[in-house]
Structures are given as structure tokens and as C-alpha cells.
Amino acid sequence: MRVLETGNHLVALAVRAAGVEVVPAYPITPQTQVIEKVAELIAGGHMDAEYIPVESEHSACAALIAASLTGARAFSATSAHGLAYMHEMVHFAAGIRAPVVMANINRALGPGWNIWCDHQDSISQRDTGWLQIYVASHQEVIDSVIQGFKITENWSVMLPLMVNLDAFVLSHTYTDAEVPEIEEVREFLPPYKPRWKLDPRFPVTHGSVVYPDDFSETRQSMQIGQNNARRVIKEVCRDYAEVFGRWHGDMVEEYLIDDAEIAIVAMGTLASESRVVVDVLRQEGLRVGLFRIRFFRPFPIEEIRSLGERVKSILVIDRNYSYGMEGAVFTELKGALYGFSNVPVRNLIVGLGGRDVSYELIADMTRKAISGELGEITWGDSRITPSHRVTLECLEEFKKLLG
Amino acid sequence: MFQVRAHGLGGQGVVTLVTWAAEAAYRVGKHVQAFPFFSAERRGAPVKAYLRMDDKPISLRSQIKKPDILLVISSSVVGLALDEGMGENTKILINADLELAQKLAEHLVRDVCYLDATTIALENGLEVDGMPMVNVPLLGALVSFAKIAPFEVVMDVLDMPARGGNYRSFKNAAKAGYFSVRCTGTEEIAVSEG
């Protein structure tokens with residue numbers, strides 16, 4: 001079914017197509033429309049599921065976990081501060097091995113108060129054990145929700161999965177996309193059959209106290225799940241392409257990398273914008289390629305090592321920052337390359353808090369990276385002045401304003 | 001690729017207008033992208049919205065600085081609209097009468113195309129809470145001026161919203177918009193056939 005819809009409504013339509021049975025959620029801009037649409041579909045009899053309006057994001061995630069453990073296919077959606085608020089339960093979902101999918105509409109964390117796009121919210125959940133996809137198009141939003149359940153419910157994975165989509169750029173933008181019919185999806189993604197579930201007839205506790213004697217093992221088991229996911233992701237994405245004819249990459253997506261001298265590495269819609277950069281710079285005779293990281297967790301270690309062997313330099317775009325260090329993708333990418341490649345890597349920080357990032361800006365920075373003018377870390381669109389900083393001069397200015 | 005940037009005021013239906021235009025293009029087989037710049041939304045505050053149309057899937061996601069058409073829905077945001085950027089070949093389409101359009105054309109030293117959508121909306125009784133529904137005639141104007149689709153497609157798009165009101169008013173206003181865009185520097189009507 002071809003539709004013209006917002007990214008948020010497409011998430012809801014994908015959730016219905018995936019045969020989701022329980023949706024606990026709490027609204028937060030810019031995610032609210034996901035929940036509105038799901039609630040509307042259920043209330044109108046167009047989706048056979050239980051909608052649980054809860055009193056907070058923390059409870060939303062708790063209900064999500066509980067629903068999943070009773071054997072239901074469960075989904076929720078959140079954003080930014082909502083995700084931060086549920087942080088404790090985000091860890092819990094992975095630790096208890098609940099195969100759920102959650103859409104996170106990527107948004108900056110305040111203060112300064114800001115509802116617009118960057119990746120700080122989900123990057124801050126990096127170490128929780130969730131699988132993380134970052135999508136670059138509306139079509140990929142739909143396909144990733146469906147692929148997501150197939151991946152997370154695989155018995156060798158059993159770790160929750162977060163589908164991250166850029167606020168407004170995807171969430172509130174109308175575009176044309178293909179939503180598969182429920183019947184088509186059912187064959188690819190049959191109803192969830194848990195191998196065990198919580199059942200009051202056979203009471204057990206799950207996720208209870210684990211003593212030091214066994215704790216490391218539970219954590220290592222999560223890492224085994226992440227490692228297994230690399231294989232499962234490739235299989236699921238390949239099968240999905242066979243059934244539905246759509247391919248967005250698996251762990252990563254490459255565009256004109258084979259003969260490239262420099263690779264732009266990016267996640268989310270900045271990768272989509274960078275596709276245009278590649279086309280523009282190739283017309284200038286510059287051999288540029290795009291390497292889009294689709295799965296940030298598990299991190300595409302092998303793919304990046306292969307990239308390191310093929311290109312002469314790498315420009316990593318981060319729409320986040322790890323304070324006291326550098327962009328998170330930059331750190332991770334260098335970690336993967338360590339001991340395998342000495343290719344120079346540069347970091348471009350852009351698009352924080354919804355700052356518009358044009359292909360012209362990325363192209364300009366890429367030209368500078370090629371000519372060696374770009375420093376190790378560049379805040380590409382920041383116009384910082386002393387008045388933005390915590391300085392005595394700034395305080396004096398402020399006092400003058402107060403009179 | 002064809003790009004439009006629209007400027008207006010909260011309550012004028014700017015975002016709805018751009019979404020309708022996207023639907024018109026979608027109905028004739030184009031790939032489309034329609035998005036507002038969201039801020040603290042309130043009635044009367046400046047609003048901007050963007051529209052991209054192409055025969056192939058669209059990779060660009062950034063805001064539009066050099067649109068093919070700059071659509072100005074309220075004369076009070078002309079300054080904001082111009083500050084946001086234009087290309088050499090950007091065509092200006094403004095909700096204004098001839099007098100205002102001529103003033104703007106003289107100021108900018110370029111032709112300005114115009115439609116008095118406010119008058120058309122009021123003449124057809126299209127009002128919501130005292131605000132003229134300028135987006136109905138302007139949808140007609142944009143779809144014809146940007147050569148998106150024939151007039152019938154405009155009415156297909158307006159079918160659902162028009163059912164909630166007076167269908168004849170919607171149709172007359174959209175038709176007036178579609179067929180009466182004029183430009184300074186010429187006596188001709190920009191589009192005379194659907």
C-alpha cells in the first residue's frame with residue numbers, strides 16, 4: 001500500500017503490519033503522533049492490540065517489558081527526555097532479555113530547552129545492551145520496525161531493539177512510502193511464539209537478585225547476544241530484500257565506496273544529505289564515498305576494518321558529543337580500526353539541537369578534509385563567541401543587563 | 001527536483017497548504033517531501049514550510065534556501081521570507097493585490113506573481129474563526145503556477161476537507177486560485193488552462 005504520511009504515522013502503520021499486540025506509551029513531542037495513530041488504529045478496530053496509556057515513560061518501559069515477558073509482541077515509542085526518564089528500565093529490558101522494539105525519535109536533551117533533532121538521547125543509552133538502528137529515510141523507518149522484531153525475537157539474540165529516527169526531518173515530514181500489508185508481513189514475521197513466558201499458573205520470578213557468583217555470566221551472555229545479532233541482522237535484511245524487494249543495507253550501507261579515497265561516515269538523515277555530497281563532489285572529480293552506519297549496536301567492527309583497508313582517509317560526522325572526549329561515533333570507529341589501520345580520521349560535529357545541516361556545508365568540510373585543512377575535531381556549524389561561554393566577561397555583561 | 005518554500009502566519013493553514021500541494025504532486029506520481037519548520041506554534045507567529053518534488057526518491061533533507069518558488073502567504077512576512085534566501089531564478093508568488101505586488105516588484109527589481117487569495121476566500125465565505133482560508137485559493141495557485149497537476153487533482157486533494165464545509169465554496173475558491181495568478185510586467189494570466 002503506497003501512502004503519503006509523516007514518519008510518525010508510518011511508524012504506527014509498521015507497528016500494525018508487524019502484528020504488535022501490546023503498546024504501552026506516554027506521549028512526548030515529537031513522538032506524540034506515533035502514539036496518537038496507534039491509539040486511533042486500535043480504537044477504530046483497525047489494529048488488534050492492547051493500548052496502555054501510562055503515567056510516565058519509566059512506567060511505559062516497565063509495562064513494555066512485562067507485556068513482552070507474558071509472551072506478547074510489544075512495542076513502545078519515546079524521545080529525548082522520555083528516553084532519559086526511562087533509562088533505568090532501558091537497562092532492565094536488555095538485562096531481562098525482553099525482545100521488544102521501541103521507536104525513539106532522536107531529539108536533543110536540554111537545557112537549553114530544545115525539541116529538535118540530534119542523537120544525544122540514544123547515544124546516551126549506548127551501554128544499556130539494546131540493539132540500535134539509525135534510519136535515513138521514511139521507507140527505512142517502516143522496514144526497520146518489521147526487521148527489528150525478526151531480529152530481536154531470534155533466540156540467539158533476545159535483546160531489545162531501538163529504531164532511531166531523526167526528529168522532524170523524519171518524524172514530522174510527509175513523504176510517499178510503501179507500507180506492506182499485514183498478510184504479507186505475517187509470512188515473513190509470524191506471530192511471536194515465546195519459548196517460555198511468565199504465567200500465573202506456573203509462578204517463577206525473573207530478573208530478580210543475581211549474586212556476584214553469577215552476575216558476570218549474565219553480562220557476558222548479553223554480549224554473546226550482541227555478537228550473534230551481527231549474523232542475524234545480515235540474514236534478516238537479506239531475506240527482507242528477497243521478500244519485499246527493498247534494501248537499506250544491513251549493518252552498514254555503502255554508496256560509491258569501492259573507488260573512494262575519502263569516506264564520509266554518518267548516521268541517520270545526515271547520511272542521506274551526504275549522499276548528495278558524494279554526487280556533487282564526484283562531479284568535481286573528487287573520489288568521495290558514503291559509509292552509513294545503520295547499526296550502532298552491535299557496532300559494525302568488521303565492516304569498518306574493511307573500510308580502513310579501502311580508503312585513504314575518513315570523515316566521521318557526529319550529531320552528538322561525548323563531553324570531555326569527542327563525537328561518539330568517532331571514538332567507536334577509531335576503536336574498531338586500532339591495530340588494523342592507520343588511516344587518518346577526522347571528526348565533524350554538526351546539526352546539534354536541530355541546526356540545519358546543508359549538503360553544501362558537508363561538502364565544504366569534506367573538501368577541507370581532503371586538502372588536509374581540517375583539524376582532528378571540528379564544530380562545523382558552531383558560531384561560538386565569548387558570550388556563549390562561562391566567563392567572567394560573560395557574567396559582567398549579564399550583570400549590566402540586570403542593571 | 002522542484003522546491004518551494006512558503007512563509008505565512010500561524011492560523012493561515014500554511015503547513016496544511018504545503019501538505020495538500022505535496023498530495024497533488026504525489027497523486028500524479030511524483031516523489032514528495034513536505035515539512036514545516038516547527039517552533040513554539042501559536043496563532044499569528046511566523047510559520048515556514050517546505051516542499052520538494054522529484055521524479056526520483058529525494059535524498060536532500062535540509063531546509064530550502066534557494067527555492068524555485070517562494071510563496072508568501074502574508075504580506076507581513078515578506079521581509080522574513082526574503083531574508084531566508086532566494087536563488088537567481090526563484091519566482092515569487094505572493095498573496096497580494098496588484099498594488100502591493102507592484103511595490104514589491106519595484107523594490108526587488110524583479111517580477112512578482114500574485115493572487116489576492118484573501119479576497120477570493122472571503123468572497124466564497126471561506127473563514128475559520130474570522131481568519132480567511134487563504135490556503136484553498138493558494139493551493140490552486142501553487143499547483144497551477146508550479147505546473148504540478150491539472151485542476152481536477154486539486155479537487156481530488158480537497159475532496160475530504162471540502163466535505164466538512166461548503167463543497168461549492170471550496171471548488172470556486174480553488175478554481176479562482178488556479179486560473180487567476182498574474183505577474184507584474186505582463187497582462188497575461190499565468191495559467192489559463194487546466
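Predicted model: local features only at pLDDT ≥ 70, side-chain atom pairs only at ≥ 80, totals over all residues.

A: Start at Tyr174(A), whose bridge partner in β2(B) is Ala34(B). That pair belongs to the link between strand β8 (residues 174-178) of chain A and β2(B), which run antiparallel and are joined by 2 bridges. Two strands count as paired here when DSSP finds at least two bridges between them. Strands are DSSP runs of E with at least two residues, helices are runs of H or I with at least four, and both are numbered from the N terminus.

Residues are numbered from 1 along each chain as its sequence is written, and chains are lettered from A and ligands numbered from 1 in the order in which they are written.

Now zoom out to the sheet. Reading across, the order is β1(A)-β8(A)-β2(B)-β3(B)-β1(B)-β4(B)-β5(B)-β6(B)-β9(B), an open sheet of 9 strands with mixed pairing. At its edges you find β1 (2-6) of chain A and β9 (182-183) of chain B, each pairing on one side only. On the chain B part, helix α3 (residues 98-108) lies across β5 (91-95) and β6 (112-115), and α3 runs at about 165 degrees to β6(B). Angles like that run from 0 to 180 degrees between N-to-C directions, with axes as lines fitted to C-alpha atoms, for helices over the stretch in contact.

What does the rest of the meeting between the chains look like? In total, 16 residues of chain B are in contact with 17 residues of chain A, contact being C-beta atoms, placed from the backbone, within 7 Å of each other. On the chain B side, α1 (14-27) and β2 (31-37) each supply at least two residues. β2(B) gives the most, with 6 residues. By class, that side of chain B has 8 nonpolar, 6 polar and 2 charged residues. Nonpolar covers Ala, Val, Leu, Ile, Met, Phe, Trp, Tyr, Cys and Pro, charged covers Asp, Glu, Lys and Arg, and the others, Gly among them, are polar.

Elsewhere in chain B, helices α5 (residues 135-145) and α7 (residues 167-179) pack with their axes 6 Å apart, at an angle of about 40 degrees. That makes α5(B) and α7(B) oblique to each other, since under 35 degrees would be roughly parallel, over 145 roughly antiparallel, 65 to 115 roughly perpendicular, and the rest is oblique. Their crossing is right-handed, the term for a near helix turned clockwise from the far one by less than a right angle, with anticlockwise giving left-handed. Among the residues making the contact are Leu138(B), Leu139(B) and Val143(B) of α5(B), along with Phe170(B), Ala174(B) and Tyr178(B) of α7(B). The contact has 11 nonpolar, 3 polar and 1 charged residues.

Back in chain A, another open sheet has 5 strands in the order β4-β5-β7-β6-β12, again with mixed pairing. β4 (75-79) and β12 of chain A are the edges, with a single partner strand each, so one side of each has no neighbour in the sheet. On average, neighbouring strands are turned by 25 degrees against each other, direction ignored. Inside this sheet β5(A) and β7(A) pair in parallel over 6 bridges, and Ala103(A) stands opposite Val163(A) in β7(A). Helix α7 (residues 138-152) of chain A packs on the sheet, touches β5, β6 and β7 of chain A, and makes about 170 degrees with the direction of β7(A).

Most residues other than glycine have a negative phi, and most peptide bonds are trans. Ala80(A), not a glycine, has a positive phi of about 45 degrees, and Ala80(A) is found in helix α4 (residues 80-85). The peptide bond from Gly110(A) to Pro111(A) is cis, with omega near -10 degrees, and Pro111(A) is in the loop between β5 (101-106) and α6 of chain A. Arg297(A) and Pro298(A) are also joined by a cis peptide bond, with omega about -5 degrees.

How values were computed. Contact = placed C-beta atoms within 7 Å.
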